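Please have the sequence and the structure open as I speak.

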Amino acid sequence: MSGLTKSSIARKVVMALSGLFLVFFLLQHFIINITSVIAPDTFNEWSHFMGYNGLVQYILQPVLIAGVIVHFAMGIALEIKNNKARAIKYKQYKGSANASWMSRNMIITGLVVLAFLGLHLYDFWIHEITYKYIEVSPEDPTRYLEETVHKFEPFARTIIYVISFVLLSLHLWHGFASSFQTMGVNNKYSAGIQTFTKIYAIVIPLGFIFIALYHHFNPITH
Amino acid sequence: MKLNLKIWRQKDAKTKGELVDYTLKGIEGDMSFLEMLDVLNEQLINKGEEPVQFDHDCREGICGACSLQINGEPHGPDRLVTTCQLHMRKFNDGDTIVIEPFRATAFPVITDLVVDRSAFDRIQQAGGYISVNTSGNTVDANAIPINKHDADEAMDAATCIGCGACVAACKNASAMLFTSAKVSQFALLPQGRVEAVDRVQNMVRQMDLEGFGNCTNTGACEVECPKGISLKNIARMNREYLSASVKG
């Protein structure tokens, strides 16, 4: 196992595994969020569960944060190494001739998604931490839907969410199937994995966009 | 055919290089790309100028000596050919052609369009061999039954000529397609299993030490490879590596 931490393949595998974990998390996040449109009471119930369940709060949440940090830190480390691998650049480089834009610009789409994550954490996570641990407000299982819908009232924030999900789609378009190749899966199932990746990369971000737009155009008024 | 050439000229490894413009007339479509450069060099020599230096040997696509980044692509715009097999009919009269050396930190420029690709030799030396009894009792390789599919895939991997187009095409200057082909050609055969654990670990370690970048699965290497080496080999190398890491 010596030298494994410095190995290019081991680092790739870490990127792939953390990426697959985040892909799975995204699906779970989407399933909960879509209830805010189709079943508001369920949304409140599930959100409350996620916010106060010990397993979610103290085990799964730290694992998720670690997954994001590992994926981001390793991505940056690999990007730096890759830049050094061609210190003198080509005068003319035709990247589009042999590889998709998505595969060549994972760092750009990834950094946009990361920046979005900053806004997203500010919007919801910091708010929750403040509510629960700083203001020490009482438990209110009915507050989540209204708080969420309220966030999407500003047009600018909604547009930022929409654009971020488009970039997330582009990131998933290459990253999801790519992680299987890294894990050594390139066989008769690969075409199916590619198709599933494309469906996932369109459906999930489009679903999130729909939710953001739905709440923007259907504000809760008292 | 009249061509405007922009060619990377660099006196030696320490000197800074630059693209130099040349205009070349009378080029025929049936000429190979290297023959076109021969014509240019003849003219330069006749004028008393230093000819453009470039690597070449067999000129029939099997030695892996010729390189060149042509209009932003290794071995030019054609597929499944080396630069020596690229014909000038792929270009049009009046075209501007940018010719640069393969760029990678692990492939330093020696002069003009010539790069040092000995990093590939060192990766090969790290594990690209098998142990065979050559004391007079050598067993004929054909005496060992091998699944046809495995034999075909091993042969496909072995067609890699080590030209470096995979590195040149990759946005990360990664050598994983080359290394994986050299791992795969043995990994699929019984003779290669003996040293399989050490081979993949040693070759990947050497690849990393040489300063090649990391594969991000863009697939550019597979598209530009003159021998059509498949990305399947990289997946196989990753499997071999993970399995070897667990075994020790």
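First, the conventions. This is a predicted model, in which local features need pLDDT of at least 70 and side-chain atom pairs count only at pLDDT 80 or more, while totals for chains, interfaces and linings use all residues. Residues are numbered from 1 along each chain as its sequence is written, and chains are lettered from A and ligands numbered from 1 in the order in which they are written.

Let me begin with chain A. Chain A has eight helices and zero strands; here helices are DSSP runs of H or I with at least four residues, strands are runs of E with at least two, and both are numbered from the N terminus. Along its principal axes, the C-alpha trace of chain A spans about 60 × 40 × 40 Å. Of the 222 residues in chain A, 26% are buried. By buried I mean that 20 or more other C-beta atoms lie within 10 Å of the residue's own; exposed means 12 or fewer, partly exposed lies in between, and the C-beta atoms are placed from the backbone. Among contacts in chain A with a separation of 6 or more, 87% join residues 24 or more positions apart, a contact being two residues whose C-beta atoms, placed from the backbone, lie within 7 Å.

The UniProt record, an unreviewed entry, places the feature "transmembrane region" at residues 12–39, 59–80, 101–122, 159–178 and 199–217 of chain A. UniProt positions are given in the numbering used here, feature names are shortened, and annotations may be inferred rather than shown by experiment. What do two of these spans look like in the model? Residues 101–122 of chain A are 95% helix and 0% strand, with the end C-alpha atoms 30 Å apart. Residues 159–178 of chain A are 100% helix and 0% strand, and their end C-alpha atoms lie 29 Å apart.

Chain B contains both kinds of element, with nine helices and seven strands. Its C-alpha atoms fill a box of roughly 60 × 35 × 35 Å, taken along the principal axes. Of the 248 residues of chain B, 47% count as buried. Residues 24 or more positions apart make up 71% of the contacts in chain B with a separation of 6 or more.

How do the chains meet? In all, 38 residues of chain B are in contact with 38 residues of chain A. On the chain B side, strand 5 (96–100), helix 7, helix 8 and helix 9 of chain B each give two or more residues. Helix 9 of chain B provides the largest share, eight residues. By class, this side of chain B has 14 nonpolar, 14 polar and 10 charged residues. Ala, Val, Leu, Ile, Met, Phe, Trp, Tyr, Cys and Pro count as nonpolar, Asp, Glu, Lys and Arg as charged, and the others, Gly among them, as polar.

I turn to the core. The largest nonpolar core has 53 residues, of which Ala104(B), Cys166(B), Val167(B), Ala175(B), Leu177(B) and Phe212(B) touch the most other members. Such a core is a set of buried Ala, Val, Leu, Ile, Met, Phe, Trp, Tyr and Cys residues joined through C-beta atoms within 7 Å. Elements that supply at least two residues include helix 1 (8–38) of chain A and helix 7 (196–209) of chain B. Helix 5 of chain B gives the most, with seven residues.

Helix 5 (residues 176–187) of chain B also packs with helix 3 (residues 148–158) of chain B, at an angle of about 150° and with the axes 8 Å apart. Axes are lines fitted to C-alpha atoms, for helices over the stretch in contact, and angles run from 0 to 180 degrees between N-to-C directions. The contact is made by Ala154(B), Ala157(B) and Ala158(B) of helix 3 and Ala181(B), Ser184(B) and Gln185(B) of helix 5. These residues divide into four nonpolar, two polar and no charged.

Most residues other than glycine have a negative phi. Val136(A), however, has a positive phi, near 50°, and Asp112(B) has one near 40°. Are they buried or exposed? Val136(A) is exposed, with 8 other C-beta atoms within 10 Å, whereas Asp112(B) is buried, with 23 C-beta neighbours inside 10 Å. Gly64(B), in the loop between helix 1 (33–46) and strand 3 (69–70) of chain B, is buried, with 20 other C-beta atoms within 10 Å.
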